[in-house]
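Have the model open beside you and follow along.

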Amino acid sequence: MLNVAIVGTGGIAHAHMQAYQTLKDRCRVVALVDIIPGKARRFMEEFGLSCDTYEDHREILPRQDIDLVDVCTPPYVHAQISINALRSGKNVVCEKPMAASLEECDAMLKARDESGKLLSIIAQNRFRKPIRDLKALLDSGIAGRVRHAEIDSFWWRDHCYYDLWWRGTWEKEGGGCTLNHAVHHIDMLGWMMGLPDRITSVLANTGHDNAEVEDLSVSVMEYPGALATVTASVVHHGEDQKLVFQCEKARISAPYDVFASIPQPNGFPLKVSDEAFEKRAAEYLASLPPLRYEHHTGQLDNVLTAIEKGEKPAITGEDGRRTIELITAIYKAGSSRQPVDFPLRPEDPFYTVEGIRAHVPHFYEKTVSVMEQAGEMTFGSDLGEKKEGQ
């Protein structure tokens, strides 16, 4: 039985707690931490837990009975909490984004290596069937090489979304929709295609004058023989999120869709898809093993298994760092209005939190700061997943 401490008991911690309850035969939550007085206790009562509560994560560090620290705080403290936990001999799973800068990512990786403990970064979408299937199809080579990827990270957030105390500032949120929403889709792009050679970006704030950060960004990434376009947004009604890969032999996407053009002698396509290709793709996906768990439960199951078996988790600190490198390059390109080449090196001004804050645009000043907000947290598009009963 593995003992877990959750640091930060806001909205996303509820998804983690529901996962731990599903996995209750293998783990138990023994400590909750939140800097807001009484919030951890309310969380404990909501889930019917019997555990200790704290207002400072440093109070749990001396405890020898904690196997895993789960960091669910605002992004600006991800690095320090993770590093402290690793150095105290505890494994760490940290919510996205991994950290606010590449310098912080590298410090987290160093603490992991020196401690010999596990570090995993949350990217729960990799544990969703539509995304697992899309990655498998790309890796199979059935569709040929990618020529263009279209990543639409479309979200919608009302003006009051940025009234929460830590949102909407470069200091505490670390960025806008590119870092805190599109991080999911940018992680998936990096997982499927790796780092590009170059990136060009534009940043804007079109509808949230209570936030310093961007609410819309558009980027073009240059890969050898391919381009990727990435739109990050919290101004898109309907949240019509998708990942579309135009390959040599077919278009494949999530939500799941396949279309393979049939050429005419003059090079123009027929208006129908190649049924033989569609059948081959469907048969390949049908051969894949089922996912026992999906979303956060899928990833936290993997983390627990990695701890139990002494293995690497499916999503490592290096995976989290790659996503931050892509996002940092978007901010640099959008701030400088110049293309940015990879990799970003330690001497780059955007390598540090201080360098980022000194160079990014402040679109507006934050004018409202509330400690808590009512309402449920939603997780965007279902990406074509079947609902219960379908």
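β11 and β12 are joined by a hairpin that runs through three residues. Please keep in mind as you look around that this is a predicted model.

**The hairpins and the sheet**

Start with that hairpin. Strand β11 (residues 242–247) pairs with strand β12 (residues 251–254) in the antiparallel sense, over four bridges. To find the pairing on screen, pick Q246, whose bridge partner in β12 is R251.

The chain then turns again, with a hairpin of two residues joining β12 to β13. Here β12 and strand β13 (residues 257–259) run antiparallel and are joined by three bridges. A handy landmark is S253, which stands opposite D257 in β13.

Eight strands make up an open sheet with mixed pairing, and their order is β13-β12-β11-β7-β10-β9-β8-β16. β13 and β16 (340–341) each have a single partner strand and stand at the edges, so one side of each has no neighbour in the sheet.

Now turn to the side chains. How many aromatic pairs does the structure hold? There are four. One of them brings together F43 and F47: the ring centres are 4.8 Å apart and the planes meet at 45 degrees, so this pair is tilted. F43 counts as buried at 2% relative accessibility, and F47 is buried too, with a relative accessible area of 13%.

Another pair is W170 with Y331. Their ring centres lie 5.1 Å apart and their planes are at 80 degrees; because an angle over 60 degrees counts as edge-to-face, that is the class of this pair. The pair links distant parts of the chain, since W170 is in the loop between β7 (146–154) and α6 (177–180) while Y331 is in helix α10 (residues 317–336), 161 residues apart. W170 is buried, with a relative accessible area of 3%, and Y331 is buried with a relative accessible area of 3%.

Charged side chains also meet rings. R157 lies over the face of Y161, at 5.5 Å from the ring centre. The charged end of K172 sits over the ring of Y76, 5.7 Å from its centre.

**Space inside**

Rolling a probe the size of a water molecule over the atoms shows where empty space is left. In this model the count comes to three cavities of 30 Å³ or more. Two of them are set out below.

| Cavity | Volume | Lining by class |
|---|---|---|
| Largest | about 80 Å³ | eight nonpolar, three polar and two charged residues |

Which residues lie nearest the centre of the largest cavity? They are K96, I121, I122, V183 and D187, out of 13 residues that line it. α7 (183–193) and α10 each supply at least two residues of this lining.

The second largest cavity is lined by A99, A100, S101, G174, L179, I324, I327, T328, Y331 and I356. Helix α10 gives the most to this lining, with four residues.

**An enclosed helix**

Finally, take a closer look at α7. Is this helix enclosed or open, and why? Ten of the eleven residues of α7 are buried, so the helix is largely enclosed by the rest of the structure. Among the buried residues of α7 are V183 and D187, the two that were named above near the centre of the largest cavity. The buried set also includes H184, H185, M188 and L189. After α7 comes G194, whose phi is positive, near 80 degrees.

Terms used. Residues numbered from 1 in each chain as written. Predicted model: local features only at pLDDT ≥ 70, side-chain atom pairs only at ≥ 80, totals over all residues. Heavy atoms only, no water. Phe/Tyr/Trp six-rings, centres within 6.5 Å; stacked < 30°, edge-to-face > 60°. Buried < 20%, exposed > 50% of the residue type's maximum accessible area, 1.4 Å probe, protein only. Lys NZ or Arg CZ within 6 Å of the ring centre and 35° of its normal. 1 Å grid on protein atoms, 1.4 Å probe; cavity = no way out; pocket = protein on both sides within 12 Å on 5 of 7 lines; lining within 4 Å. Points joined across faces, edges and corners; volume = space filled by probe spheres on them. Nonpolar A, V, L, I, M, F, W, Y, C, P; charged D, E, K, R; others polar. Pairing = 2+ DSSP bridges.
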